[in-house]
Amino acid sequence: MKFKLKKQVGLAKRRAFYGYAFISPFIIGFIFFMIKPMYDSFYMSLCTVELTRNGFVLTPNHFANYVKAFAIDPEFNTMLATGISTMFFRSLATIVFSFFVALILNQKFKGRALVRSIFFLAVILSSGVLVGLEYNNSLLSNLKSTIEEQGTANTITDVIKRILVSDTAGVGGVSTKVFNKLFEIIDQIYEVAMASGIQIIIFLSGLQNISPSMYEAADMEGCTSWESLWKITVPMVSPLMLVCWVYTIIDFFTKTDNEVMEKVRDTMIMLVEYGFSSAMAWIYFGIVLALIGISSFLISKVVYNYD
């Protein structure tokens, strides 16, 4: 028993060593290149910053910039609330979409390699360079607008939306709001698909690691495919759902078209208010960390851990 326990402890240490070795370039880069700028940015958020010929002149004003962001600025609070609400529904739609696409791609059918390659294009198209080209290129922007306009005209989706909303209008406002939010996500399927590339690959790798013998045993016991999905597939890939959720939140809050980030950037560059922009950036950073921490804590309670 002692030998077995020592062997397990040795394996855990070896895995931990490999993990730290894998992320060591990031740790080293963070220590040497990120800590000092983060400290300077936080100190700027507590000061009034003036740009002179001799450089920056910082005059401490304690938390005046934070008070201005929350109590004086007319847009910041609204942008934060809208961004958090949109993040929740968009991230949830991205996780569901990615999971079911991964389920489809994990099935055996002709042309599976080609279909996987097509979905992997979402990873390439959602990279930083091409996203910048998409929003800075008039041709791609017009193409995206045309797709969205054609998809929201008098289509089947629009007809179904009108029918469902009209049928639930007399029941109560909650149902109408739910349907409106649902169809809003459907109208934004372009953004959802573009943000699902990495998550599809993560889910697909998790699905391929599930032993086929588990499904064979469930089939022999008389389980249906629906029961196998909820009793085997979902629990086995639940740890990856936590990984994908955290990644999706970070990806959403750092997109190039994020309104809060645009406001921080415009305040810093166009209005030359470095202290105020730093305060907004740190508030935004703190809220993102809090959301990741809270959601990770809640999801980890339902994650199935296995050896």
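Phe42, Trp282 and Phe285 form one aromatic cluster in this predicted model. Phe285 is also among the residues nearest the centre of the largest pocket. Local features require pLDDT of at least 70 and side-chain atom pairs count only at pLDDT 80 or more, while totals for chains, interfaces and linings use all residues. Residues are numbered from 1 along each chain as its sequence is written, and side-chain values use heavy atoms, without hydrogens and water.

**Aromatic rings**

- Rings of Phe, Tyr and Trp (its six-membered ring) pair if their centres lie within 6.5 Å; planes under 30 degrees apart count as stacked, over 60 as edge-to-face and the rest as tilted.
- This rule gives 13 aromatic pairs.
- Phe17 and Tyr18 have ring centres 5.9 Å apart and planes at 55°, so they make a tilted pair.
- Phe17 is exposed at a relative accessible area of 55%, and Tyr18 is likewise exposed at 53%; buried means under 20%, exposed over 50%, and partly exposed in between (1.4 Å probe, protein chains only).
- Lys68 sits over the face of Phe276, 4.4 Å from the ring centre; the rule requires NZ of Lys or CZ of Arg within 6 Å of the ring centre and within 35 degrees of the ring normal.

**Strands**

- Strand 1 (residues 47–52) and strand 2 (residues 55–60) are antiparallel partners over 6 bridges and form a hairpin with 2 residues between them.
- Pairing needs at least two DSSP bridges between the strands; helices (H or I, at least four residues) and strands (E, at least two) are DSSP runs, numbered from the N terminus.
- Cys47 has Pro60 of strand 2 as its bridge partner.

**Largest pocket**

- On a 1 Å grid over the protein atoms alone, a pocket is an open set with protein on both sides within 12 Å along at least five of seven lines, a cavity is a set of points where a 1.4 Å probe fits but cannot get out, and lining residues have an atom within 4 Å of a point.
- The largest pocket holds about 690 Å³ of space, and 20 residues line it.
- Helix 15 (274–300) is among the elements giving two or more residues to this lining, and its share of 7 residues is the largest.
- The lining of the largest pocket comprises 17 nonpolar, 2 polar and 1 charged residues.

**Cavities**

- Residues lining the largest cavity include Arg90, Glu191, Asp251 and Lys255.

Technical notes: Grid points are joined across faces, edges and corners, and a volume is the space filled by probe spheres set on the points. Ala, Val, Leu, Ile, Met, Phe, Trp, Tyr, Cys and Pro count as nonpolar, Asp, Glu, Lys and Arg as charged, and the others, Gly among them, as polar.
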